[in-house]
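This briefing goes through one protein chain, topic by topic. Keep the sequence and the structure in view while reading.

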Amino acid sequence: MSAHSPLPPPEEKPIFVRNMFADAARRYDRMNRLMTLGQDQRWRRLVVQACHLSPGGSLLDVATGTADIALEALKQHPDARVIGTDFTHEMMRIGQAKDPDGRIPFVEADALRLPFPDNSFDAACSGFLMRNVTDVAAAFAEQRRVVKPGGRVVCLEITRPATPVWRDIFHIYFFKLVPRISAFFSSNKDAYDYLPHSTLAFPRPPQLAEIMQAAGLKNVTWRTMMLGTMALHVGEV
Ligand SMILES: C[S@@+](CC[C@H](N)C(=O)[O-])C[C@H]1O[C@@H](n2cnc3c(N)ncnc32)[C@H](O)[C@@H]1O
């Protein structure tokens with residue numbers, strides 16, 4: 001971490017991100033509910049719906065973390081084949097404990113090098129991953145590669161609102177309140193500075209849609225939620 005920037009340089013980012021989530025794993029779910037005012041599970045339901053899984057379909061939940069999207073997918077589609085992958089095993093260990101019947105295979109892997117053959121899944125999704133990768137286009141290209149033609153790639157991520165008033169409120173929330181909530185859960189100051197600054201540095205929804213298209217996804221659409229602070233993007237393979 002540089003002394004001047006709250007964001008790690010690209011070559012240090014993967015290890016920084018992994019350490020941050022390994023440290024936060026046990027508190028992650030509680031922190032999520034609190035920071036999103038209990039809305040996060042609703043957004044995960046929308047992610048799964050946007051995947052358009054058919055009966056018996058297959059879904060790769062990239063950066064599954066504590067597996068809330070993967071579990072939601074099995075709730076909506078009990079006969080689906082759902083795999084969770086992430087490079088932080090401490091996060092997936094919490095997810096495994098929430099799946100006592102072992103319905104979800106958890107695979108430790110980097111989202112930029114998914115260990116699956118081409119055309120393996122009917123859909124791939126990610127929740128709150130893309131801000132954390134060093135190459136967003138490459139992460140989408142990997143998901144496109146492992147999804148079958150006609151399948152979907154779905155992305156949920158925090159975004160900055162476009163309207164001036166909400167932009168100011170968002171700024172105050174993210175830069176003043178979020179670090180305090182994070183500080184309550186963690187002693188890692190770098191981690192709670194990282195969340196607002198990585199959000200500020202992340203492409204806005206139209207630019208993210210362009211990146212998805214450049215990564216080979218078609219018919220890209222998006223919607224924003226929670227007063228323009230969450231974006232749900234969908235692309236087709
Ligand atoms: C904010 S959590 C989101 C977890 C989960 N998707 C959710 O909805 O709560 C971000 C997750 O992305 C994972 N992650 C970040 N960069 C990654 C990468 N390059 N490859 C694999 N996982 C990554 C982290 O380990 C962490 O579990």
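Strand 7, residues 230-236, is mostly covered, with six of its seven residues buried. The model is a predicted one. The points below begin with the strands, then turn to the overall chain, the helices, the ligand and some loop residues.

- Strand 5 (residues 147-158) and strand 7 run antiparallel and are joined by seven bridges.
- In strand 7, Leu-232 is the residue that stands opposite Leu-156.
- Strand 6 (residues 218-225) is also antiparallel to strand 7, and six bridges join the two.
- Lys-218 has Glu-236 of strand 7 opposite it.
- The hairpin of strand 6 and strand 7 has four residues between the strands, and Met-226 in this hairpin takes a positive phi near 50°.

**Strand 5 and strand 4**

- How many of the twelve residues of strand 5 are buried? The count is nine, so strand 5 is largely enclosed by the rest of the structure.
- Strand 4 runs parallel to strand 5, and six bridges join them.
- Cys-125 stands opposite Val-154 in strand 5.
- In a regular strand, side chains alternate between the two faces of the sheet.

**The chain as a whole**

- The chain contains eight helices and seven strands.
- Its C-alpha atoms fill a box of roughly 45 × 35 × 35 Å along the principal axes.
- A compact globule of 237 residues would have a radius of gyration near 18 Å, and the chain agrees with this because its own value is 17 Å.
- Of the 237 residues in the chain, 39% are buried.
- Among contacts with a separation of 6 or more, 64% are between residues 24 or more positions apart.

- The buried residues of helix 3 are Asp-68, Ile-69, Ala-70, Leu-71, Glu-72 and Ala-73.
- These buried residues of helix 3 pack against helix 2, strand 1 (58-62), strand 2 and strand 4.
- In helix 4 (residues 89-97), the buried residues are Met-91, Met-92 and Gly-95. Seen down the axis of helix 4, they fall within an arc of 90°, so they line one face of the helix.
- An α-helix has 3.6 residues a turn, so residues three or four places apart point the same way.
- The cover over the buried residues of helix 4 includes helix 1, strand 2 (81-86) and strand 3 (106-108).

**Around the ligand**

- There are 21 residues around the ligand, and those that come nearest are Ala-63, Gly-65, Thr-88, Ala-111 and Gly-127.
- Which helix gives the most to the shell around the ligand? Helix 1 does, with four residues.
- Helix 1 (13-35) and helix 3 (68-76) each supply at least two residues of this shell.
- By type, the shell residues divide into twelve nonpolar, five polar and four charged.

**Phe-128**

- Phe-128 sits in the loop between strand 4 (121-127) and helix 5 (136-146).
- Is Phe-128 buried or partly exposed? Phe-128 counts as partly exposed because it has 19 C-beta neighbours inside 10 Å, where a buried residue would need 20 or more.
- Apart from neighbours within four places in sequence, Phe-128 is in contact with Leu-156, Glu-157 and Ile-158.
- Phe-128 and Ile-158 are 30 residues apart along the chain, and their C-alpha atoms are separated by 6.9 Å.

- Most residues other than glycine have a negative phi.
- Leu-37 is a residue other than glycine with a positive phi, near 55°.
- Leu-37 lies in the loop between helix 1 and helix 2 (40-50).
- Leu-37 counts as exposed because it has 8 C-beta neighbours inside 10 Å.
- Leu-227 is not a glycine either, and its phi is positive at about 55°.
- Where is Leu-227 placed? Leu-227 is in the loop between strand 6 and strand 7.
- With 12 C-beta neighbours inside 10 Å, Leu-227 counts as exposed, since 12 or fewer is the cut-off for that class.

How values were computed:
Residues are numbered from 1 along each chain as its sequence is written. This is a predicted model: local features need pLDDT of at least 70, side-chain atom pairs count only at pLDDT 80 or more; totals for chains, interfaces and linings use all residues. A residue is near a molecule or strand if its C-beta atom, placed from the backbone, lies within 6 Å of it. Ala, Val, Leu, Ile, Met, Phe, Trp, Tyr, Cys and Pro count as nonpolar, Asp, Glu, Lys and Arg as charged, and the others, Gly among them, as polar. Two residues are in contact if their C-beta atoms, placed from the backbone, lie within 7 Å. Two strands pair if DSSP finds at least two bridges between them. The radius of gyration is taken over C-alpha atoms; the globule rule is 2.2 Å times the number of residues to the power 0.38. The arc is that of the directions from the helix axis to the C-beta atoms.
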